[in-house]
Amino acid sequence: MAGYDQTLRPFLWRAEKLYPDREIVARTHEGMVRTTYAGYADDVRRLAGALEAAGVGRGDRVGTVCWNHDRHFETYFAAPNMGAQLHTINPLLPDKQIQYIVEDAADTVVFVDPSLAEKLASAYDPDAFGSVERIVVVGSSVPDLDLPGAVDYESFVAGRDADYEWPELPGDQPAGMCYTSGTTGRPKGVEYTQQMLWSHTMAECTEMGLGLDSSDVVMPVVPMFHVNAWGLPFATTAVGGKHVYPGPSPDPSDLARLIEAEGVTVTAGVPTVWLGLLEYIEDNDVDLSALDRIVIGGAAAPESVIRQFDDLGVEVLHAWGMTETAPIGTVGHLKPDLEDTDYDAQVEKREKQGLVVPGLEFKVVDDDGEETPWDGEAFGELLIRGPWVTDGYHGRPEANESDFEGSWLRTGDIVTVDRDGYVEIVDRADDVIKSGGEWISSQELENVIMAHDEVSEAAVVGVPHEKWGERPVAFVVAAEGADRDRLVEEVLAMLDEEYPDWWLPDEVEFVDAIPKTATGKFSKKDIREEHADPSLVENSAPERRESGD
Ligand code: AMP
């Protein structure tokens, strides 16, 4: 029933009423910024008024190309609460994908950080950005770039009162959107309704989720463009916790300083971030006494990281999820009867992706579609369903056909489930590479490499890397008589033209042939087994990017 449906509005209302003085803190381009729920709620209403005046109405999409900070957080409630849809855009994607995403979503307004304005200007294409009427630069001035319709944030909201009245919305009102990359390279749009975000928030707050309450000080390091920073901005508001946003490109010393100065109790991000922090802690004195737990997800949490944080008195919660699951699906809590087992047995459990969160159901099916036993050995594809799991992609009937089975989402993750119900990911059904928590499409890289006329075959696979999780390595079959050194240079130059630095393979290896499957396709599994030796990339440490994750 409209007005009483499961929507985000009551979360903000409650935080403003019950915790008006609780803080929202952000490290920004202009230094540390502090506000309270009282001030924030006013800013959100002012922003909604400005969006309405700019023509944004029910069902319109508002794009953001921003790091983790207070202004980005304002869009999190302003757009959904007014009936519009918050569409977070990953600035680390190649220009072409950003063009595809903006065009596919038909964004009407796009918010961009000053430090990302150059990236947006480089991706700007009048056709793809045809629906974009306004670009709002989150700052007090507009950089001198080719960004038609750009206005600075202060001017955008100038003169607006904080008296915007939120409409009553139905639970099925689209509220959020995030694109996920697949092997095909064409990103797929996942839409989140009000009800999906509401139910994900409630589940995340429970003890079997991330166990948040009003005493928590939550710092999402996972980017806000990545599945709503795993829903933490919503969940922290729901419980009235303090928010800490680490801003653009935080390095381990920034994170350590924020944890100490703001008393962070919960933080979350991909493994790479925590490897960096642990390294920093080895050489520097950091007071972690406030920090209670770290949520690690997006890629498998290494055992050494779990143990090292245990030694520091910080609990690691290993979580699994996907863009399609909004994202939390499983969390590695210990069941009560396992609390008495020895430490090594407990770590073995906690290394797994964990127990399904209350509210969701899953099953694991083998190649014949039969459910596999929960014996920790038999593996199959994980299928999942529930109130915050998407039931289809935006405008992609072919993907909806292949990626869903009735109400079940086919995750593409190959897993085992043990007798205690702990899910463990053993492989991915597809071959995308995940580096530092971000996807790299192996297929796109292969297409460019194979466009070189002295390359007869090429396959790019992810090779395990201690810091980044995986790094791409290209395996190439060169035409006879080719000058290999020159070929490597030319191939890398071709890739460099189209892709960000961190997409470029760390190594180009020459092989006699690429192993094939029975149907003649490149067998990535065999390439990995035969050639993908971690020593290939152990000395490469791409000083990747301006990422905040
Ligand atoms: P994304 O949609 O970009 O969030 O990526 C989702 C995918 O990341 C999942 O389908 C898994 O393959 C992988 N993933 C997420 N969390 C974990 C985890 N804790 N361990 C291993 N892989 C993970």
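A salt bridge is a side-chain nitrogen of Lys or Arg within 4 Å of a carboxyl oxygen of Asp or Glu, and a search of the whole structure finds 33 of them. This is a predicted model, in which local features need pLDDT of at least 70 and side-chain atom pairs count only at pLDDT 80 or more, whereas totals for chains, interfaces and linings use all residues. Residues are numbered from 1 along each chain as its sequence is written, and side-chain values use heavy atoms, with hydrogens and water left out.

**Salt bridges**

- Glu16 and Arg45 form a salt bridge whose closest N and O atoms are 2.9 Å apart, and Arg45 is buried, with a relative accessible area of 13% (buried means under 20%, exposed over 50%, partly exposed in between, with a 1.4 Å probe and protein chains only).
- Arg307 forms a salt bridge with Glu303, with 2.8 Å between the closest N and O atoms, and Arg307 is partly exposed at 25%, as is Glu303 at 34%.

**The sheet**

- Three strands make an open sheet in the order 24-25-26, with mixed pairing (strands are DSSP runs of E, at least two residues, numbered from the N terminus, and two strands pair if DSSP finds at least two bridges between them).
- Strand 24 (455-465) and strand 26 (507-510) each have a single partner strand, so one side of each is left without a neighbour in the sheet.
- Strand 24 pairs with strand 25 (residues 469-478) in the antiparallel sense over 10 bridges, and Gly469 in strand 25 is the bridge partner of His465.

Definitions and conventions
Helix = DSSP H or I, 4+ residues; strand = E, 2+ residues; numbered from the N terminus.
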